[in-house]
Each structure stands twice: as C-alpha cells, then as structure tokens.
Amino acid sequence: MEITVADDISAEYRGLVQSILDNPEFKKLQRYKQHFQTTRFMHSLNVSYISWLIARKLGWDAQTAARAGLLHDFCVYDFKDKLPKGEIQAYYHPRVAASTSERHFLISDKERQAILSHMFPLGPLPESREAWLISLADKLCAISEFCCFRIALARRHKVVISYS
C-alpha cells in the first residue's frame, strides 16, 4: 500500500509523521472501519492533522500533537472483536495503542500520556495541553465522521491510498 499526502499539506507536518505513515503495521489501520464510513487510518490522520494545526498556531508542541494524534488509535484489531473478560473498548484500546506505539516507534512520555488519555472522560485526565487537544480533536473528528462530513485530510485528493 502506498500513501501519498497532497503537496499542499505542509512539508513540516509530513516530515513529522512520514515514518509512521510508512510503517507496514500502521498501514493495516486502513483495514478497519471507524465511525461508519471512515477507516481508522483516516480517522487517526485527521486527528493528527487537526491537532498539529492548532498546536502550531498556538505555539504548543506541534510534534507531540502530530505524532500522538496519529498513534492514538494504533490498534491492529477490529473494535467489534471480543475483548479480554471484563474489558470495555473505551478503556482498553488506549492502553493497546500506547503499547503498540512503543513497540514500533520511539515515543516520548508526553506522547504516551496523550495516547492513554485521549478517551477522557472515559479514562485518565490529560496532563498536557497537547493531550487535551488530541482528546478534543478525536471527538470533533468522530462527530464529523458520524455525520458523514469529510474534514481535514479526508477531503478529496488530500490523501491518496493506492494498493500495489
């Protein structure tokens, strides 16, 4: 699978996330539906891009916002699958995403905490501005996806995914 991000998307942003987008395990997120018509890959990319844009505008840690936003749902399983006994998806998948991210990438403590807290209030309290931002961007993207609105990088020709 080849992923191409449009040239009008900032080279700075693309530079921060390209190694994640190139990772074969991360690319598997394209297989899973998220919020009806969106894939988990596209949802994660939108959360990342919106978080990065806002963090950059506010002078916050844009790298953490971009990377943790992209990795916040890095779970290579179907969310409809049966979970270990007694687990609830809203609490379970942030821990899986953090663990998977640590296995595949060198992530900072700040990125890890943002991934773990993105489901707030159904999980830990975000500890940084960037973690709050990712949690809010995740909810904004989920609402947009439920309403079938294409926002951010889900708009036409912003991201092209080709299968070889």
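Trainee: E130 first. Buried or exposed?
Mentor: E130 is buried, because its relative accessibility is 2%. Buried means under 20% relative accessible area, exposed over 50%, and partly exposed in between, with a 1.4 Å probe and protein chains only.

Trainee: What kind of model is this?
Mentor: It is a predicted model, where local features need pLDDT of at least 70 and side-chain atom pairs count only at pLDDT 80 or more, while totals for chains, interfaces and linings use all residues. Residues are numbered from 1 along each chain as its sequence is written, and side-chain values use heavy atoms, leaving out hydrogens and water.

Trainee: Which side chain meets E130 in a salt bridge?
Mentor: K110 does, at 3.2 Å, N to O. A salt bridge here is a side-chain nitrogen of Lys or Arg within 4 Å of a carboxyl oxygen of Asp or Glu.

Trainee: Which residues are in the network with K110?
Mentor: D61 and E130; salt bridges link them with K110 in a network.

Trainee: How many salt bridges does the count come to?
Mentor: Seven. One of them joins E111 and R67, at 2.8 Å, N to O. E111 lies in helix α6 (residues 109–116) and R67 in helix α4 (residues 62–71), so this pair ties together parts 44 residues apart in sequence.

Trainee: Are E111 and R67 buried or exposed?
Mentor: Both are buried.

Trainee: What does R56 pair with?
Mentor: R56 forms a salt bridge with E12, and the closest N and O atoms are 3.0 Å apart. That pair also links distant parts of the chain: R56 is in helix α3 (residues 40–58), E12 is in helix α1 (residues 11–21), and 44 residues separate them.

Trainee: How accessible are those two?
Mentor: R56 is partly exposed, with a relative accessible area of 46%. E12 is partly exposed too, at 39%.

Trainee: New topic. Which residues form the nonpolar patch on the surface?
Mentor: L53, I54 and L58, with about 240 Å² of accessible area together. Patches take residues with over 30% relative accessible area and no salt bridge; like charges are joined within 9 Å, and nonpolar side chains (Val, Leu, Ile, Met, Phe, Trp, Tyr) within 5 Å. The areas come from the Shrake-Rupley method with a 1.4 Å probe, and for residues only the protein chains shown count as cover.

Trainee: Where does I54 lie?
Mentor: In helix α3. I54 counts as partly exposed, because its relative accessibility is 35%.

Trainee: C75 and C141, buried or exposed?
Mentor: C75 is buried, at 0% relative accessible area. C141 is buried as well, at 1%.

Trainee: Last one. Where does R103 lie?
Mentor: In helix α5 (residues 89–104). R103 is exposed, with a relative accessible area of 60%.

Technical notes
Helices (H or I, at least four residues) and strands (E, at least two) are DSSP runs, numbered from the N terminus.
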